[in-house]
Amino acid sequence: MKNLKQAWYIALKDLKIFVQDRAALFFSIIFPFLFIILFNSLFSGVGWEDDRITLHVTTQEPEGGISYQIIAAIETKDEEALSPGDPIIIWDKDYEADHQAVLDGKLDGFLNFPASFTQSLMSGASTGLEIYADAGATNTRAALQGLSGAITSQINADVAIIKASAQLLAQSGASPEEIQTAVQQIQTDLFSGAAAAKSYLSFEVVKVGNVEAQNASNWVIPGYLVMFVFMAAATSAPEIVKERKNNTLERLFSTSVKRESILGGIYSGIAFKGLIQIIIFWVFGILVFHVNVGLSPLAIIILSLLMVIMSSAFAIMLATLANSIRGASSLAVITSLLLAPLGGCWWPGFLYPEWLQNISKITPHAWATDAFNKLMVFGADFGDVVPSIIALLVFAVIFSGIAVWKFRISDR
Amino acid sequence: MADDFVVVKDLHKSFKDFKAVNGVSFTIAKGEVFGLLGPNGAGKTTTIRMLSTVLEADSGDITIGGYSVKKNAEAVRTLIGVCPQELALYEDLSALDNMVFFGHMSGLEGKAAHDQAMKNLKLMGLEDRAKGKIAKYSGGMKRRINLAVALMGNPKLLFLDEPTVGIDPQSRNNIFENIKALQKQGLTVLYTTHYMEEADRLCQRVAVMDGGKIIAMDTPYNLKKKIGPPDKTTLEDVFLNLTGRSLRD
Ligand SMILES: Nc1ncnc2c1ncn2[C@@H]1O[C@H](COP(=O)(O)OP(=O)(O)OP(=O)(O)O)[C@@H](O)[C@H]1O
Ligand SMILES: [Mg+2]
């Protein structure tokens with residue numbers, strides 16, 4: 001209890017110093033927004049239409065299956081008519097060819113309707129769509145998952161309509177034959193013709209078409225959030241070294257404050273600042289820059305918090321590794337400025353060549369920006385960013401481990 | 001002695017192969033102001049850092065208020081207040097914020113911390129500068145706050161490591177008066193300095209330290225008496241006599 005209270009007071013003290021420090025406030029809160037506004041205007045309107053994702057769809061069903069009607073409905077007929085950010089959907093007739101193309105690395109991936117699609121749909125079994133994608137083609141995979149999710153949920157809605165109709169008919173005393181005929185009629189209505197085309201397309205806009213790629217903020221803001229949360233934390237490292245040098249940590253220690261409380265207090269102080277930053281980033285991002293938080297706001301929140309946790313641990317680790325205030329300062333600036341562009345904070349990482357994307361995975365930044373991009377640009381769901389969440393956790397654990405192990409209250 | 005508040009036995013501390021403290025033993029009675037005198041590098045600060053639990057001794061025993069520093073550092077820390085030789089303050093906070101903060105750290109709650117901070121600021125004659133940032137204080141003012149912080153939380157034993165360096169004579173007199181007043185309330189003090197006249201004025205007993213060892217320990221009067229008429233001799237002369245060197249060399 002006493003330890004917690006002391007840690008709390010230490011954190012509050014650091015926060016008080018931060019709030020009174022105009023330069024620090026400017027640097028960690030106002031400055032990032034100047035960057036965002038600048039880069040937003042630089043990148044907005046840059047040829048996003050050319051970067052449209054192309055999605056391939058195949059079916060193994062015999063002709064006449066429901067999948068034929070569905071694909072016909074969602075297939076892109078007129079590229080000119082697409083909204084910005086909508087994917088191009090191509091109907092490939094040869095499943096085997098697409099499969100081989102993925103294996104050969106010639107195609108990033110495709111969505112397939114299995115041969116038993118109509119059958120299992122009608123028998124009430126779950127309708128598994130199959131996604132074949134190259135392990136490295138994360139963006140395509142995420143988009144295909146979005147598309148399959150859209151189709152599945154639409155189908156589920158349609159099946160529900162059919163079931164409800166059949167039940168109504170049964171209650172009104174219709175014979176099995178009459179019901180059978182009616183259901184077939186509804187099926188045809190739902191899965192084909194103009195009505196179907198319309199409903200699937202509209203779905204596409206809501207879910208897959210969530211890709212408002214023309215809004216550069218969708219990747220500019222998370223990029224700078226990652227960079228500045230990390231940078232603001234890292235630049236706390238020289239402050240910690242300063243406390244070690246000017247004997248205040250030693251003074252705390254002799255005032256019966258435990259090492260854990262000192263560590264916890266310093267850590268929470270940095271994390272508080274990070275929390276303030278991410279709250280401001282998202283509030284402004286959503287209200288002013290109209291970013292799209294995608295299908296999983298929860299994932300966005302978790303990723304943002306993990307950025308704060310990981311960066312705070314990094315700052316303390318940096319302070320324990322540095323022997324002087326100047327050393328800590330340089331380390332903070334160098335790591336912040338090196339890791340940010342490498343980790344896709346300045347330019348979207350998905351535009352990097354694959355070898356660079358692979359190298360960038362050594363930075364926590366890359367995992368974070370990659371996850372934000374998937375969620376906010378490519379319509380991915382929570383499950384798609386779990387690897388990033390785990391990666392950030394691992395970074396946080398490693399940094400915290402070194403920080404706790406090496407933390408000292410005095411250099412003397 | 002039964003009422004010895006501090007007992008130090010055969011303390012040793014080396015940095016690499018340099019012996020900074022080399023077999024130091026002394027006791028401080030409850031309510032005593034005990035002086036540790038010595039030139040630069042004698043080992044005074046190192047001794048204080050070991051007594052105040054921030055530096056581990058290589059060997060030897062320290063007992064404070066009945067608690068062993070080695071076995072029960074936690075209990076010792078609740079008894080002590082440290083005024084370190086180097087300033088240990090948050091430059092970006094006000095004097096009051098500094099004192100309230102360290103008050104909280106030593107277990108004072110809300111208003112009690114604030115009240116005691118104001119009381120100690122008044123003691124140092126700085127109450128009208130309470131809200132000023134430490135960074136804007138003069139050197140001597142910072143030193144007075146450094147000392148005032150050590151008083152937060154009502155310690156039973158005060159370590160004052162050269163608290164008067166850079167302080168003007170008037171403030172110094174004021175600090176001496178305060179220490180004497182606190183002593184009357186039962187406070188025990190370990191005072192280091194290389195101003196011999198300070199020790200003469202303030203301390204009931206002094207230990208003269210040189211090269212990590214205590215080379216003499218007695219009342220100022222007795223130490224002076226050994227080498228000449230006490231009223232004509234200074235502790236400065238004592239040191240010169242003991243080491244063949246002047247204190248400030
Ligand atoms: N952390 C350390 N590492 C190496 N040497 C040290 C360390 N701390 C102190 N010393 C050395 O130990 C010796 C005693 O230092 P100490 O600070 O205790 O002296 P002091 O009596 O307080 O001197 P002063 O009057 O200058 O404050 C000095 O030679 C000093 O250089
Ligand atoms: Mg010293």
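The model described here is predicted, and every value below is computed from it. Residues from chains A and B surround ligand 1, so the site is shared between chains.

**The site of ligand 1**

- The shell around ligand 1 consists of 15 residues, of which the closest are Gly41(B), Lys44(B), Thr45(B), Thr46(B) and Gln85(B).
- Gln85(B), one of the closest residues, places an N or O atom of its side chain 2.7 Å from an oxygen atom of ligand 1.
- The backbone takes part as well: a polar backbone atom of Gly43(B) is 2.9 Å from an oxygen atom of ligand 1, and a backbone N or O atom of Ala42(B) lies 3.2 Å from an oxygen atom of the ligand.
- On its own, ligand 1 has 630 Å² of accessible area, and the protein covers 69% of it.
- Two elements of chain B, strand S2 (18-29) and helix H1 (44-51), are those that give two or more residues to the shell around ligand 1, and H1(B) gives the most, with three residues.

- The relative accessible area of Arg49(B) is 7%, which means that the residue is classed as buried.
- The side chain of Arg49(B) is joined to that of Glu250(A) by a polar contact of 2.9 Å, and to the side chain of Ser410(A) by a polar contact of 3.4 Å.

**Aromatic pairs and clusters**

- Over all chains, the count comes to 25 aromatic pairs.
- In one of these pairs, the rings of Tyr90(B) and Phe102(B) have their centres 5.9 Å apart and their planes at 20°, and the pair is therefore stacked, since planes under 30 degrees apart count as such.
- The pair links distant parts of the chain, twelve residues apart: Tyr90(B) sits in the loop between strand S6 (80-83) and helix H3 (95-105) of chain B, whereas Phe102(B) belongs to helix H3 of chain B.
- Tyr90(B) and Phe102(B) are both buried.
- Phe102(B) also forms an aromatic pair with Phe101(B), this one edge-to-face, with 5.3 Å from centre to centre and 70° between the planes; both of these phenylalanines are buried.
- In chain A, one aromatic cluster is formed by Phe26(A), Phe27(A), Phe31(A), Phe35(A), Tyr224(A) and Phe228(A).

**Arginines over tyrosine rings**

- Arg172(B) lies over the face of Tyr195(B), at 4.8 Å from the ring centre.

- Asp10(B) is not a glycine, yet it has a positive phi of about 50°; its place is in strand S1 of chain B, residues 4-15.
- With a relative accessible area of 42%, Asp10(B) is partly exposed.
- Glu162(B), likewise not a glycine, has a positive phi of about 50°, and its place is in the loop between strand S7 (157-161) and helix H6 (169-184) of chain B.
- Glu162(B) counts as buried, at 6% relative accessibility.

**Positions brought together from separate parts of a chain**

- The C-alpha atoms of Lys273(A) and Ser28(A) are separated by 8.7 Å, although the two residues are 245 residues apart along the chain.
- In chain B, Val238(B) is found in helix H9 (residues 235-243) and is buried, with a relative accessible area of 4%.
- The C-alpha atom of Val238(B) is separated by 9.2 Å from that of Val208(B), which is 30 residues away along the chain.

Definitions and conventions
Residues numbered from 1 in each chain as written. Chains lettered and ligands numbered in written order. Predicted model: local features only at pLDDT ≥ 70, side-chain atom pairs only at ≥ 80, totals over all residues. Heavy atoms only, no water. Phe/Tyr/Trp six-rings, centres within 6.5 Å; stacked < 30°, edge-to-face > 60°. Helix = DSSP H or I, 4+ residues; strand = E, 2+ residues; numbered from the N terminus. Buried < 20%, exposed > 50% of the residue type's maximum accessible area, 1.4 Å probe, protein only. Lys NZ or Arg CZ within 6 Å of the ring centre and 35° of its normal. Near = heavy atom within 4 Å. Polar contact = N/O pair within 3.5 Å; in protein donor to acceptor, adjacent residues only side chain to side chain. Areas by Shrake-Rupley, 256 points an atom, 1.4 Å probe, with all protein chains shown as cover.
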